[in-house]
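Thanks for coming, everyone. Let me put the sequence and the model on the screen, and then we can walk through it together.

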Amino acid sequence: MTKLSRIAALTLLAIIVFATLSPIQVRPHIADANVERALAYVLLGFAVALGFPNRLYQAVIFVVVTAGMLELLQIIDPSRHARLIDALVKAFAGVAGIVAGQLLVGTSGRKSER
């Protein structure tokens, strides 16, 4: 499960990097931009939490820094814009995914102890 979660996290990170840094007309679109941002980072945070269950603080730092840096890198493309609110949505969603993943890991750990 851990290895699969790590592969999922890397895959999600690659998709997020592509969607964040590609020109706006190439970016995949499936829902409202804020919903897409939040969902992508919730899934990333969840996969990171499951892939690295004993590294809570590092997972939070990774997701928050990734959100901030990718948002900042949008300055490179004139068709994109870097906004603090977008970075905050991404960071909070990523942390929410980590919390959900940690809750799942904690719950499954208690079940196996019984």
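Start with Phe52, in the loop between helix 2 and helix 3. A word on terms: helices here are DSSP runs of H or I, at least four residues long, numbered from the N terminus. This is a predicted model, where local features need pLDDT of at least 70 and side-chain atom pairs count only at pLDDT 80 or more, while totals for chains, interfaces and linings use all residues. Residues are numbered from 1 along each chain as its sequence is written, and side-chain values use heavy atoms, with hydrogens and water left out.

The cut-offs are under 20% relative accessible area for buried and over 50% for exposed, with partly exposed in between, using a 1.4 Å probe and protein chains only. What does Phe52 touch, leaving aside its neighbours within four places in sequence? Arg6 and Gln102. Contact means heavy atoms within 4.5 Å. Phe52 and Gln102 are 50 residues apart along the chain, yet their C-alpha atoms are separated by 9.6 Å.

Now the other loop on my list, between helix 3 and helix 4. His81 sits there. His81 is partly exposed too, with a relative accessible area of 42%. Not counting residues up to four places away in sequence, His81 touches Glu71, Gln74 and Asp86. Leu4 is another matter: His81 and Leu4 are 77 residues apart along the chain, and their C-alpha atoms are separated by 33 Å.

On to the helix pairs. Take helix 1 and helix 2. Their axes come within 8 Å and cross at roughly 150°. Axes are lines fitted to C-alpha atoms, for helices over the stretch in contact, and angles run from 0 to 180 degrees between N-to-C directions. So helix 1 and helix 2 are roughly antiparallel to each other. The crossing of helix 1 and helix 2 is left-handed. Left-handed means the near helix is turned anticlockwise from the far one by less than a right angle, and right-handed means clockwise.

Who meets whom? From helix 1, the residues include Ala9, Leu12 and Ile16; from helix 2, they include Tyr41, Leu44 and Val48. The residues of this contact of helix 1 with helix 2 divide into 12 nonpolar, three polar and one charged. Here Ala, Val, Leu, Ile, Met, Phe, Trp, Tyr, Cys and Pro count as nonpolar, Asp, Glu, Lys and Arg as charged, and the others, Gly among them, as polar.

Next, helix 2 and helix 3. These axes come within 10 Å and cross at roughly 150°. That makes helix 2 roughly antiparallel to helix 3. This crossing of helix 2 and helix 3 is right-handed. Tyr41, Gly45 and Val48 in helix 2 meet a set in helix 3 that includes Phe62, Thr66 and Ala67. The count for the contact of helix 2 with helix 3 is seven nonpolar, two polar and no charged.

Leu13, Ile16, Val17, Thr20 and Leu21 in helix 1 meet Phe62, Thr66, Leu70 and Leu73 in helix 3.

Thr66 is buried, at 12% relative accessible area. Beyond four places in sequence, Thr66 is in contact with Leu13 and Tyr41. Ala67 is buried as well, at 0%. Ala67 touches Tyr41, Ala87, Lys90 and Ala91, again not counting residues up to four places away.

Last, the core. How many residues are in the largest nonpolar core? There are 14, and Ala9, Ile16, Tyr41, Leu44, Val48 and Ile98 touch the most other members. Such a core is a set of buried Ala, Val, Leu, Ile, Met, Phe, Trp, Tyr and Cys residues joined through side-chain atoms within 4.5 Å. Helix 1, helix 2, helix 3 and helix 4 each give two or more residues to this core. Helix 2 gives the largest share, five residues. Ile16, for one, is in contact with Ala40, Tyr41, Leu44 and Leu70, leaving aside its neighbours within four places in sequence.

Terms used
Angles under 35 degrees count as roughly parallel, over 145 as roughly antiparallel, 65 to 115 as roughly perpendicular and the rest as oblique.
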